[in-house]
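This report is written for a reader who is new to the structure shown below. Please keep the sequence and the model in view while reading.

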Amino acid sequence: MRFLTGLQPSGKLHIGNYFGAIQAAIELQNKGEAFYFIANYHAMTTMPGAEALRANTYEMAVDLLACGLDPQKAVFFAQSAVPEVNELAWILSTVCPMGLLERCHSYKDKIAKGFSPNHALFAYPALMAADILLYDSDAVPVGKDQKQHLEVTRDLAGKINDAFGADLLRMPEALINETTAIVPGLDGQKMSKSYGNTLPVFGEEKALRKLINKKVVTDATPLEEPKPTENSIILALYKLFATPAQYEEMVAAHHRGGVGYGQFKKDLFEAYWEFFRPAREKREWIMANPGYVDEVLADGATKAREAAAKVLSRVRKAVGLI
Ligand code: ADP
Ligand code: TRP
């Protein structure tokens, strides 16, 4: 079973990304053959600029390795290290009806957010389909927001197979964890970079302690009174990091009263800080070993290119390019 997923290098990783996508994807490296890449071609669709793109790609690689992506188990590479993906995207484009892309939410959402309606943004799902199909992927772990792109991928694979030979492209399955809850941001809306309400996975202790203390929204119930547990942002976040017993204890303390929000936030910070301690230590090790990330990515790129070459030569032959 081959798992493949791409992660866009879009700035600082937050705990919504971690619990919503990364944790489960990394787990899969123990369950089959994993191909994970940093989607830097995709990140270009919103024109971050050369320096930001380079820096974010590197930082994403560091963060994923720190979070437990194991290059001994998974093939880990930058999307741009296998430029052949663009050729498959082109081939897929030739069977891709305009209407299919026009219906995609992500394009409309990006335009609504003010991004320029360039061709790459529009053709984004065809490149994503190529990412998946180029490696004969069986299953693609993604967040719910990517479900439609997986449907496009299957649609395009079907059209190619109908036109050029059954089984030419392997039909992938989406692996969407429907049970993963949306992680709330510090203000209670969905946590997202665009809302500026994120809790980063990595950062400086003092600043993060202050962030939780100042920015997690609470009501104004006085210290001695019982506190509402419904819609509590502190509790929703604490649940991600605490043991079930710790979580139950905090719920009970809400019911009892006599404990202030300041204390709950302190407990939240401690649980969060402990939870990411191993990842933080790994990250420090990586930062102290310059060259490690480049080596890992170079090794991943070699393996990814080998796998890609097999599929691409099969496709080129079938469509009449050689
Ligand atoms: P952002 O909303 O901060 O721009 P992205 O869209 O880059 O985040 O998210 C990358 C992945 O992280 C998504 O595919 C989604 O599965 C996951 N994700 C992001 N925010 C959350 C959240 N608040 N709760 C759960 N999962 C999330
Ligand atoms: N579009 C995905 C996202 O924004 C990233 C991505 C690019 C991807 N290519 C992929 C995910 C292939 C899975 C498979 O999150």
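## Basis of the report

The structure is a predicted model. The distances, angles and accessibilities given below are therefore values computed from a prediction.

## Surroundings of ligand 1

Ligand 1 has 15 residues around it, and those that come nearest are H14, V183, M191, S192 and K193. In S192, an N or O atom of the side chain is 2.8 Å from an oxygen atom of ligand 1. In N17, a side-chain N or O atom is 3.2 Å from an oxygen atom of ligand 1.

M191 takes part through its backbone: a polar backbone atom of this residue is 2.9 Å from a nitrogen atom of ligand 1. M191 belongs to the loop between β5 (173–176) and α9 (205–215). Its relative accessibility is 3%, so M191 counts as buried, the limit for that class being under 20%. Between the C-alpha atoms of M191 and I111 the distance is 21 Å, and the two residues are 80 apart in sequence.

## Surroundings of ligand 2

Around ligand 2 there are 14 residues, of which Q8, H42, Y124, D131 and Q146 are the closest. A polar side-chain atom of Y124 is found 2.7 Å from a nitrogen atom of ligand 2. For D131, the distance from a side-chain N or O atom to a nitrogen atom of ligand 2 is 2.7 Å.

Two or more lining residues come from each of the helices α2 (40–43), α4 (85–93), α5 (98–102) and α7 (119–133). The greatest contribution is that of α7, which supplies seven residues.

With a relative accessibility of 25%, E87 counts as partly exposed. The C-alpha atom of E87 is separated by 35 Å from that of R283, a residue 196 positions away along the chain.

## Cysteines

How many disulfides does the structure contain? A search of the whole structure finds zero. The case of C96 shows why this residue forms none: the closest cysteine sulfur, in C104, is 8.0 Å from the sulfur of C96, too far for a bond. A disulfide would require two cysteine sulfur atoms within 2.5 Å.

C96 has a relative accessibility of 12% and therefore counts as buried. C67 likewise counts as buried, at 13% relative accessibility.

## The loop between α2 and α3

T45 is placed in the loop between α2 and α3 (50–66). At 5% relative accessibility, T45 counts as buried. A polar atom of its side chain lies 2.7 Å from the backbone oxygen of H42, and H42 is also among the residues closest to ligand 2.

M47 lies in the loop between α2 and α3. Is M47 buried or exposed? M47 is exposed, because its relative accessible area is 61%, and the exposed class begins over 50%.

## Positive phi angles

Most residues other than glycine have a negative phi. M47 is not a glycine, yet its phi is positive, at about 45 degrees. D136 is another residue that has a positive phi without being a glycine, with a value of about 50 degrees.

D136 is located in the loop between α7 and β4 (139–142). With a relative accessible area of 13%, D136 is buried, whereas M47 is exposed.

Notes: Residues are numbered from 1 along each chain as its sequence is written. Chains are lettered from A and ligands numbered from 1 in the order in which they are written. This is a predicted model: local features need pLDDT of at least 70, side-chain atom pairs count only at pLDDT 80 or more; totals for chains, interfaces and linings use all residues. Side-chain values use heavy atoms; hydrogens and water are left out. Helices (H or I, at least four residues) and strands (E, at least two) are DSSP runs, numbered from the N terminus. Buried means under 20% relative accessible area, exposed over 50%, partly exposed in between (1.4 Å probe, protein chains only). A residue is near a molecule or strand if one of its heavy atoms lies within 4 Å of it. A polar contact is a pair of N or O atoms within 3.5 Å; within protein, one must be able to donate a hydrogen and the other to accept it, and residues adjacent in sequence count only if both atoms are side-chain atoms.
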